[in-house]
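These are my notebook entries on one structure.

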Amino acid sequence: MGFPGYQYIYGPVASWRYGRSLGIDPVSAAKKTCSFDCVYCQVGKTVLLTDQRSVFVPTEALIGELQRVPPVEIDQITFAGNGEPTLAANLGEMIRGIRNIRSERIAVITNASLIWRPDVREDLALADVVIAKLDAATETMFGDVNHPAAKLTIEEICGGLRVFKKKFKGRMVLQAMFVSPNRDAAAGIAKRALSIGPDEIEVNTPLRVSPVKPLGPEEMAGITKIFREICAGIPVKTVYEEERKKSEPFCRESTERRRGKESA
Ligand code: SF4
């Protein structure tokens, strides 16, 4: 099934975290463009590894496409895709444009790589929800798990996350993905999370098709327990405890390209 002609919009997708979400890919590059090349990435290997912002999709083109979307029931409009949304220099303009024509909650899923930049924080502050990645406690682990573009450091990213959280009026969620290279780092990552003080923490492992194996329910339960102890007072959700809502994308191919495939 599919509605031809959608280049920048995909889904709706069912998420254990956010209900039915209509996806927006503000980069939508033919070759995957990201500031990280995470070992577990569920949308493929990064082809263009960059930390340079630029306009990939004209704002008017995205808004035009959004106006043609069929009347489907959704809970949230989510910026994500097969790359890093904050690489789009017009992210803030896009969020403003969507607010003019839609009333749903707007979220951005970001790897937080550029959150040390004031312009990126200003763009993200326009969203209702920001879901930011934090998979590493040390620079070595950051390199091993996220394979970042040169010069990015976990120290600077955590500094940017702290500054952002202090001023942000919306809901900030930190998302930690656990795979083999960071399986023993729960305490270190939880301490960093605590210093940022998000509204919620998600402890995850890749359950969709990924180059690496997910951690099992028992190991994830142990990791979640560590987070709940260290970050007491902050709600901690974890993938194996949540139920998924069902949803049928209006274009399966474009959705899988942005989101990865479900495991068999
Ligand atoms: S998981 Fe996200 S941040 Fe990591 S390489 Fe894939 S798209 Fe980029």
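I looked up C231 and found it buried, with a relative accessible area of 0%; buried means under 20% relative accessible area, exposed over 50% and partly exposed in between, with a 1.4 Å probe and protein chains only. I note that this is a predicted model, in which local features need pLDDT of at least 70 and side-chain atom pairs count only at pLDDT 80 or more, whereas totals for chains, interfaces and linings use all residues. Residues are numbered from 1 along each chain as its sequence is written, and side-chain values use heavy atoms, with hydrogens and water left out.

I then asked how many disulfides the structure holds. The count is 0, where a disulfide is a pair of cysteine sulfur atoms within 2.5 Å. For C231, the closest cysteine sulfur is that of C158, and at 12 Å it is too far for a bond. C158 is likewise buried, at a relative accessible area of 0%.

I recorded 3 aromatic pairs; rings of Phe, Tyr and Trp (its six-membered ring) pair if their centres lie within 6.5 Å, and planes under 30 degrees apart count as stacked, over 60 as edge-to-face and the rest as tilted. One of them joins F164 and F168, which are stacked at 4.6 Å centre to centre with 25° between the planes. F164 is buried at 3% relative accessibility, and F168 is buried at 7%.

Another pair, F178 with F227, is edge-to-face, at 5.9 Å centre to centre and 80° between the planes. Where do F178 and F227 lie? F178 is in the loop between β8 (171-177) and α6 (186-196) and F227 is in helix α7 (residues 217-230), so the pair ties together parts that are 49 residues apart in sequence. Helices (H or I, at least four residues) and strands (E, at least two) are DSSP runs numbered from the N terminus. F178 has a relative accessible area of 0% and is buried; F227 is buried as well, at 1%.

I found R68 over the face of Y6, at 5.1 Å from the ring centre. The criterion is NZ of Lys or CZ of Arg within 6 Å of the ring centre and within 35 degrees of the ring normal.

The largest nonpolar core has 70 residues, of which F79, I98, L161, F178 and F227 touch the most other members. Such a core is a set of buried Ala, Val, Leu, Ile, Met, Phe, Trp, Tyr and Cys residues joined through side-chain atoms within 4.5 Å. Leaving aside neighbours within four places in sequence, I98 is in contact (heavy atoms within 4.5 Å) with I24, L62, I63, L66, I77, F79 and I106. A second, separate core has 5 residues, among them A107, V129, I131 and V173.

Entry 5, strand β7. I asked why strand β7 (residues 129-133) is largely enclosed by the rest of the structure. The reason is that 5 of its 5 residues are buried. V129, I131 and K133 cover one side and V130 and A132 the other. In a regular strand the side chains alternate between the two faces of the sheet. Strand β6 (residues 105-110) pairs with β7 in the parallel sense over 4 bridges; strands pair if DSSP finds at least two bridges between them. The bridge partner of T110 in β7 is A132.

V13 lies in strand β1 (residues 9-15) and is buried, with a relative accessible area of 8%. V13 and G23 are 10 residues apart in sequence and 7.5 Å apart in space, C-alpha to C-alpha.
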